[in-house]
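Please read the following report alongside the sequence and the structure.

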Amino acid sequence: MDREFHIDDSAELYAVGALDERERAEVDAHVAECPECLRRLGEAEETVLALERVNIAEPADRSVSVMPIRPRGFAAWWLAVAAAAAFILGFVVPHGTPRSGDATLAMIGSHFSHAQFTGKGPAAKVIYARDRSWYYVIVAGGGRYEVYGIGNGRDVDLGSTQPQGATSELFARVATPFGRIELRANGAAIETAAIR
Amino acid sequence: MRDASLESAFARRDASAYEAAYHAFGPRMRTAALRVLRDADAARECVQDVFLHLWRSGSTYSAERGSLEAFLVVCTRNRALTRVRSENRARETARRIDVPEGYTMEEDPIERERVQRALTRLTEGQADVVRRAYYDGLTLAEVAADLAIPIGTVKGRLSVALRALRSELAVEGADGP
């Protein structure tokens, strides 16, 4: 979609779900460069949100099975899913990655937390299981970094991050917990994240 | 009420903001997905897919676009509709359903009435396309076939209808208490 032509009616069609993936991608690309169309798309989305608030549906189809909304423990599912996706899709092949579907499901269901790296390197974070059984490192940019787990006086090489579009990532499942995760470039430590 | 700090943190791809957005808007997103998919498990998966996709691909959201809630609801609908259409289940979605218990959102009755009143001010032709394209989740081609009108007419009516709704809601908002 050319910058000169603007998205016009496509804003409303996008918001209401009437465009296919290719057409939506064209709109996304255009609004990334055009503040005027971005505002127009946002207005259309607000209108759709208003429609969503009005249920004009016919009587219920109770054949639909309904699961209760999960409690808070399920809150940060998306982080675990991201880690699982990295494993499932084979984006990374870290040391000790689980090989069975059961292991992956167990990983998804576990509780986890996250920490920012600090230091002179790029923006980075690590998502990890609270039992410290796995770590998912995400670094901004497309570089490759060595990842080490530090704990009990040992430095354990967990592998290197792999570029994934705008980020470089590593998933590692480990047998022993770490107190810190370190990013290294050419063997030199550049950033550290404290695991609490 | 928009949360500017949450919206800017989400735009920066902050992990805590993703979690907060899930808490704040997840129920609404699940309801939107359920309206299309008619399956509670699939709706929940759809919401998870939206967050995962935005996280992995880098979100196109910015606060200048509008509210984060509207952005996420539209993302969810689009993803749900893509899934349904790819599974060639569009016909199935034509049977509308009520939102099952457990997913119904708490709504401000005044806001709800305001939107319903705006809907009644659409022309019959506009209301027809909104109902089919939005609430029934039909593709433009299916709406055109249903109403026996050209697809270009469907596009035009839909765009005009949404803009009319926006104007109505803006006027009512300005006149309101």
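## A helix crossing in chain B

In this predicted model, helix α3 (residues 40-57) of chain B and helix α4 (residues 68-86) of chain B have axes that come within 9 Å of each other and cross at roughly 115 degrees. The crossing of α3(B) and α4(B) is right-handed.

On the α3(B) side the contact is formed by B:C46, B:V47, B:D49 and B:V50, while α4(B) contributes B:L72, B:C75, B:T76, B:R79, B:A80 and B:R83.

## Helix α3 of chain A

Helix α3 of chain A, which covers residues 35-52 and so has 18 residues by the definition of a helix as a DSSP run, reaches 25 Å from its first C-alpha to its last, close to the 26 Å expected at 1.5 Å a residue. This helix, α3(A), is mostly covered, with 15 of its 18 residues buried.

## Confidence in the prediction

For the model as a whole, the scores are ipTM 0.80 and pTM 0.57. Chain B has an average pLDDT of 80, and 83% of its residues score at least 70.

Among the elements of chain B, helix α1 (residues 4-11) has the highest mean pLDDT, at 92, whereas helix α5 (residues 90-93) has the lowest, at 44. The pLDDT is below 50 over residues 89-106 of chain B, although this stretch has 45 contacts in the model beyond near neighbours in sequence. Where pLDDT is low, predicted coordinates should not be read in detail.

Note on methods
Residues are numbered from 1 along each chain as its sequence is written. Chains are lettered from A and ligands numbered from 1 in the order in which they are written. This is a predicted model: local features need pLDDT of at least 70, side-chain atom pairs count only at pLDDT 80 or more; totals for chains, interfaces and linings use all residues. Helices (H or I, at least four residues) and strands (E, at least two) are DSSP runs, numbered from the N terminus. The expected span of a helix is 1.5 Å times one less than its number of residues. A residue is buried if 20 or more other C-beta atoms lie within 10 Å of its own, exposed if 12 or fewer, and partly exposed in between; C-beta atoms are placed from the backbone. Axes are lines fitted to C-alpha atoms, for helices over the stretch in contact, and angles run from 0 to 180 degrees between N-to-C directions. A crossing is left-handed if the near helix is turned anticlockwise from the far one by less than a right angle, and right-handed if clockwise. Two residues are in contact if their C-beta atoms, placed from the backbone, lie within 7 Å. pLDDT is the predictor's confidence in each residue, from 0 to 100.
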